[in-house]
There are 2 protein chains.
Amino acid sequence: MNIVELIRKKREGQTLTKEEIQYLLAGYVEGRVPDYQMSAFLMACYFKGMTEQETYTFTELMLHSGEIIDLSSIPGIKVDKHSTGGVGDKVSLILAPIVASCGVPVPMISGRGLGHTGGTLDKLESIPGFRTDLSIAEYKKVITNIGVVMIGQTKEIAPADKKMYALRDVTATVECIPLIAGSIMSKKLAEGIDALVLDVKTGRGAFMQTRDLSRKLAQTLVKIGTQFGKETLGFITDMNQPLGITIGNWLEVMESVECLRNNRGTNDGSSDLMEVTHLLSGAMIALGKKADSIDEGIEKSKEAIRNGKAYDKFKELVRAQGGDVSAIENFENRQPQPKFASEVHSAESGYVDEIDSLELGLASIALGASREKIDDVIDPKAGIKLNQKVGNKVAAGDSLAVFYTDRESALESGRIRIANAFHISSQKPKSRPLIWDIVDSSGIREWKS
Amino acid sequence: MNIVELIRKKREGQTLTKEEIQYLLAGYVEGRVPDYQMSAFLMACYFKGMTEQETYTFTELMLHSGEIIDLSSIPGIKVDKHSTGGVGDKVSLILAPIVASCGVPVPMISGRGLGHTGGTLDKLESIPGFRTDLSIAEYKKVITNIGVVMIGQTKEIAPADKKMYALRDVTATVECIPLIAGSIMSKKLAEGIDALVLDVKTGRGAFMQTRDLSRKLAQTLVKIGTQFGKETLGFITDMNQPLGITIGNWLEVMESVECLRNNRGTNDGSSDLMEVTHLLSGAMIALGKKADSIDEGIEKSKEAIRNGKAYDKFKELVRAQGGDVSAIENFENRQPQPKFASEVHSAESGYVDEIDSLELGLASIALGASREKIDDVIDPKAGIKLNQKVGNKVAAGDSLAVFYTDRESALESGRIRIANAFHISSQKPKSRPLIWDIVDSSGIREWKS
């Protein structure tokens, strides 16, 4: 087999056989196929795509490039959730303890934030002492003991994906559905799960900016999950404003804790966050056979917040992974103080029509809350707190948001960027769905809740 | 500037500015832009192309990555020819001495054969002692003294192209018109020429297999030449059978010498070779102002063969570059003997309809006459001699060709491959043009000769 011929074949839009994909991927992992050939292949994939069969094979080979964790000794149906990433998306922090407290084990391997979207690992690590770098043995021990664990990708998990993701990031070949699907699913399938819920974001602040692309990605992901024998449900959810009221790692932990304490999430700025959280939790509880339907799952999810069991489970998780529970219990008195806190005011009167989460995500990079490059150091204190959400009526001079940073140089540009993210209209905006579609093995349909 | 953004911009089909192309190319030559980013960019170019302005800028930057040879001290209009490469294409060997003998200086920098097409350097080097690795100082000295010189690309000429060509070759990004045009023209413009004739081959044995693509490439090349202030003429010529009757380095030198001696090329198997040679020579003589028209140039070219001046000039060239002139003068007695000479016979009766030069080119790789990889060693004795050309009537059992090789293992497959290259039809084939089109700065039109 000849690598150049394989690149040419993909370039011409032809379908590669399993042997050919294997030759390419194994060669890449072993170093026989250099980065410059792989990046040409990836760019050809960007233009020519992959068939269903190719995507499946690609995922399978990435999965088998590393270890597949065996959690079969743990009773129950293990269910995880994956989100394609959004701005202010702290759902995992609330959802994992909810679902675990309802008796469904949640083994979760998450990523770091990159670009304008945040990452669950960074949020967790803003809790003093919280360790996300557990070994696989520790990972198994924590989930066995408390029914939930949240760690980062270890070197044993899908090393082919790790190497390829770094290459895609620097060669403008990230935005390609089969490559995205293979990358996500190879990692998720390695966790030891039995079922999976997917949250595919759509809109300005999302990876997939159109609903069409989001639907296509969701369908691809569900198809792969199903092919691997894992019951998989996907949802298309809206990202035309940030979820909840905070962007930034420690700010998001605090909002999550407030939601877990049942102090927020009903008719306030966190209610969109909790609507998505309960939907995804409900789906996981149903997949884990602790509810007969998603709707019943949603009710159980709400109950776990009301009766405090989810909050207790969260504190249990923090303790089990080395975090300081008192920092959570007394966060009001333990909040780290950034050098600058600056308020952004509305220049005009009207209704908040849209909050551009892409702009806020980019602003959060400038403030130090997120990474531009993978080795940037982030500041857990930095971030943005929204005082308005879409639909609110504001008068000129009203506070739109407060932002926090240690960087004096970011004050002026931060204020401008955040102000620009708020689109003010003279008319009250029509309400738009927060949850667009549901995808399962039988197909995709609009979500009516 | 950010390299990933530049790759993404090209991927989205946007136009890069001069500064952006410069940043990318200079970074590549200096090693700041790694191969894996360049190859992703090249694949994006394959799919999205370049505008005229981008192609011009790309060529200019490749040209200025190295030295531009100054031949202004040499009197006369210096004219070179470039061919996109074909099978059995030994035109340069005959044309350069013809044109020089007509008083037009010919500074020629040629390439090596790769894949199924041959290279002028390899043919010249099959002449005992012939040196193609002259320094730039020696290059200038030879053309000053005898009006013609033929060398290989030195390290001073367009180093960006040299580095990028090697990368394109291993990443399936060769077949892209702006990249091809930039590569060809940056080298040609560095030679010190005043005018240029281009022979763009079309058909199965050519780089560009369709007439449309060949026309597009020719137009791009002529446009660039004109933009750089060099009078440039392009021709689309046919490659649906090999030119002349030989394929293989020393065989092609012998056929060329026979043509230079006026022993071949009139109503025989070499007549297509000589028709193309006289056309291109005639165009060069006209561009060099030693004829008032291409037609008059063609007449002068024919005269240079008849009166022996072209042959004398060829021997002068061989001597000036260290070659053994007696090997040329007595090639009949000096022919190196390959281990095997094998005849290929026709299995059926009829007319030769087509001779697949791609197949013959691939067979010549197997025989040892051409390279598969750039560092393969070639055997100057190996090759194929055609006993039939398109239009000939053959009976079953008639000899189609003889092939020569030292490789016993290639005998069986060589015989099959060569036999398959001859398409025999029951009907006499319609004659097709050997010269399709002419391109100059005013446009492209069909060639009627």
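Trainee: What should I know about the numbering and the model before starting?

Mentor: Residues count from 1 along each chain as its sequence is written, and chains are lettered from A in the order in which they are written. The model is predicted, so to speak of local features takes pLDDT of at least 70, and side-chain atom pairs count only at pLDDT 80 or more.

Trainee: How much area do chain A and chain B bury between them?

Mentor: The size of an interface is often given as the accessible area lost when the parts come together. Here the two chains bury about 1,900 Å² (accessible area lost, 1.4 Å probe, summed over both), with 67% of it on carbon and sulfur atoms. On the chain A side, A:Arg11, A:Tyr36 and A:Phe47 lose the most area to chain B, together 34% of what that side buries.

Trainee: Which helix gives the largest share of the side of chain A that touches chain B?

Mentor: Helices are DSSP runs (H or I, at least four residues), numbered from the N terminus. In chain A, α1 (3-11), α3 (35-48) and α8 (159-169) each supply at least two residues of that side. The largest share, ten residues, comes from α3(A).

Conventions: Heavy atoms only, no water.
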